[in-house]
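Morning, everyone. Please have the sequence and the model up on your screens, and follow along as I talk.

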Amino acid sequence: MHHATALQLLFTGDPTLLAIVRLSLAVSLSATVIASLIGAPLGAFIALTRFPGREPVLIVLNALMGLPPVTVGLAVFLLLSRSGPLGAWGLLFTPTAMVIAQTMLVMPIIAALTRQTVEDLWLEYRDELTAMNVGPMRRVLTLLRDARFALVTAFLAGFGRAAAEVGAIIIVGGNIEGYTRTMTTAIALETSKGDLPLALGLGAVLLLLVITVSALAWSVRRIGERLAG
Amino acid sequence: MSAPAPSPNLPIQFEGVEVRAGQAVLLAGISLTLRSGAPSVLIGPNGSGKTTLLRAAMGLIAPSAGYIRWGDQSEPPAQGRAIVFQRPVMLRRSCAENLRYALQAAGIAGPERDRRTNELLRLVGLGALASRPARRLSGGELQRLALARALARRPGVLFLDEPTASLDPAATKAIEDLVRAVAADGVKVVMATHDLGEARRLAGEILLLHRGELVETGPADAFFATPQTAAAQRFLAGELLI
């Protein structure tokens, strides 16, 4: 990859580069989807319930949005390392470990943003749903469904976080060529090796991908809002 | 529309009901009985407690003092009542979907749900707007959809909070015709309005509220012909009750 820029490699279909891009997308998207499946219901639950200590929980949840990736990477590393509690699973330095670390990073973002969105919608719907005798479980589903286009933004924020971070996956993935090397870890490596054109090219590809995903999500939201009101 | 089941909610009985919000007294020592029959219409100026009384009768707020009974029960029964709020909020879905949602919440199963949805849309004259997003309806259409959604619960008692406020005469007439039809079908209508003309047109019984107190109640004819209290006389004379 030394004599060409990443963009050229991408357009000529270089298999090594495509594998890096594919892995980046697969890891970050999987992590964001899993984080959404856990974080969205959790955020909705916190939005709809009042319990002692709720305020501190909200403060911690909001703070976790800024969780340092290297710290999460270190924690997952310790969990998965051979002498760690989950060491027997043999997951360290695999893409699965990277998904686990990014899920932990993204989950608080999805939960906190969902909490805010759902709580606002609940204030609007509360009287009607109460008058219709809608039970707690259906309330959550109704609010998540009707807030779904706003929640696309939460999903995006989560995906952006996952796609851009390097600290966590480089620790638990190990940046192994052809196996756990992603765009961000490759950029870190090429920069330290002094191959700036390649690093810059990869950076451009990463930016392009993030913008594309954002544009897609934006369109989904616009079209959805037009159809559902 | 088929006749509703006999309501286990009636009579609704208020005994010394007081509702407070912080220091403010919203309802003060209300005692009244809402029986089956012609519509009961709550009148009174803004802030007199009409909305609070409707919400308490619906079971949405508990009295700070006194008690409310629905039929022979001291807790509001899960079914049999419906309310149209002054500013109804529709779900972010089509008109038909909003009705299907209400029918599902009322425990109506799939095929029956579709049939009733169409029936309700036709009843309120929104058949052509079934797939329109509900939040893009005009004011009059929105109120009619809200009425249809309330009727989806097959209520024995229907509470309406100023359903024609800020509607033009044509839209008001459409709502009033529906209310008359629903009442003729045996549904007990309890409605708040500050439009005296509307109260005359619809009421079987009048309840005049002022500053959270029930000032005067009685059959509508008698109330409008010979109001008993000074407050009622002033209110009917068009004076501002403050």
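I will go through some helix pairs, then a few single residues.

One thing before we start: this is a predicted model.

Let's begin with helix packing in chain A. Two packed helices are described by the angle between their axes and the distance between the axes. Keep those two values in mind.

Find helix 4 of chain A, residues 69-80, and helix 5 of chain A, residues 95-131. Their axes come within 9 Å and cross at roughly 135 degrees. Angles of 65 to 115 degrees count as roughly perpendicular, and over 145 as roughly antiparallel. So helix 4 of chain A and helix 5 of chain A are oblique to each other. Their crossing is right-handed.

Which residues of these two helices meet? From helix 4 of chain A, take P69(A), V72(A), V76(A) and L80(A). They meet A97(A), I100(A), A101(A), M104(A) and L105(A) in helix 5 of chain A. By class, that contact has 9 nonpolar residues, with no polar and no charged ones.

Stay on helix 5 of chain A. Helix 3 of chain A, residues 54-64, also packs with helix 5 of chain A. Here the angle is about 130 degrees, and the axes are 8 Å apart. This pair is therefore oblique as well. Helix 3 of chain A passes helix 5 of chain A in a left-handed crossing. On the helix 3 side, the contact is made by R54(A), L58(A), L61(A), N62(A) and L64(A). On the helix 5 side, look for P108(A), A111(A), A112(A), R115(A) and E119(A). The classes in this contact are 6 nonpolar, 1 polar and 3 charged residues.

Over to chain B. Helix 4 of chain B, residues 139-151, packs with helix 5 of chain B, residues 169-184. The angle is about 15 degrees, and the axes lie 9 Å apart. Why do we call them roughly parallel? Angles under 35 degrees count as roughly parallel. Helix 4 of chain B and helix 5 of chain B are therefore roughly parallel to each other. The crossing of this pair is right-handed.

Here is who meets whom. Helix 4 of chain B brings G140(B), Q143(B), R144(B), L147(B) and L151(B). Helix 5 of chain B brings A171(B), A174(B), I175(B), L178(B) and V182(B). Sorted by class, that contact has 7 nonpolar, 2 polar and 1 charged residues.

Still in chain B, go to helix 1, residues 50-58. How many of the 9 residues are buried? The count is 7 of the 9, so helix 1 of chain B is largely enclosed by the rest of the structure. The buried ones are K50(B), T52(B), L53(B), L54(B), A56(B), A57(B) and M58(B). Just after this helix, G59(B) takes a positive phi of about 95 degrees.

Now single residues. First, T180(A). You will find T180(A) in the loop between helix 8 (167-173) and helix 9 (183-193) of chain A. Buried or exposed? T180(A) has 0% relative accessibility, so it counts as buried. Its side chain reaches the backbone oxygen of G173(A) at 2.8 Å. The side chain of T180(A) also reaches the backbone nitrogen of N175(A), at 3.4 Å. Beyond its neighbours within four places in sequence, T180(A) is in contact with several residues, including L23(A), F93(A), P95(A), M98(A) and T185(A).

F93(A) sits in the loop between helix 4 and helix 5 of chain A. Its phi is near 65 degrees, a positive value in a residue other than glycine. With 34% relative accessibility, F93(A) counts as partly exposed.

R211(B) in chain B also has a positive phi, near 50 degrees, and is a residue other than glycine. R211(B) is in the loop between strand 8 (205-210) and strand 9 (213-219) of chain B. At 58% relative accessibility, R211(B) counts as exposed.

Next, a peptide bond. From L10(B) to P11(B), the bond is cis, with omega near -10 degrees. P11(B) lies in the segment before strand 1 (12-21) of chain B.

To finish, L207(A). This residue is in helix 10 of chain A, residues 196-228. Its relative accessibility is 54%, so L207(A) counts as exposed. The C-alpha atoms of L207(A) and G53(A) are separated by 40 Å, and the two residues are 154 residues apart along the chain.

Terms used
Residues numbered from 1 in each chain as written. Chains lettered and ligands numbered in written order. Predicted model: local features only at pLDDT ≥ 70, side-chain atom pairs only at ≥ 80, totals over all residues. Heavy atoms only, no water. Helix = DSSP H or I, 4+ residues; strand = E, 2+ residues; numbered from the N terminus. Buried < 20%, exposed > 50% of the residue type's maximum accessible area, 1.4 Å probe, protein only. Polar contact = N/O pair within 3.5 Å; in protein donor to acceptor, adjacent residues only side chain to side chain. Contact = heavy atoms within 4.5 Å. Axes fitted to C-alpha atoms, helices over the stretch in contact; angles between N-to-C directions. Left-handed = near helix turned anticlockwise from the far one by under 90°. Nonpolar A, V, L, I, M, F, W, Y, C, P; charged D, E, K, R; others polar.
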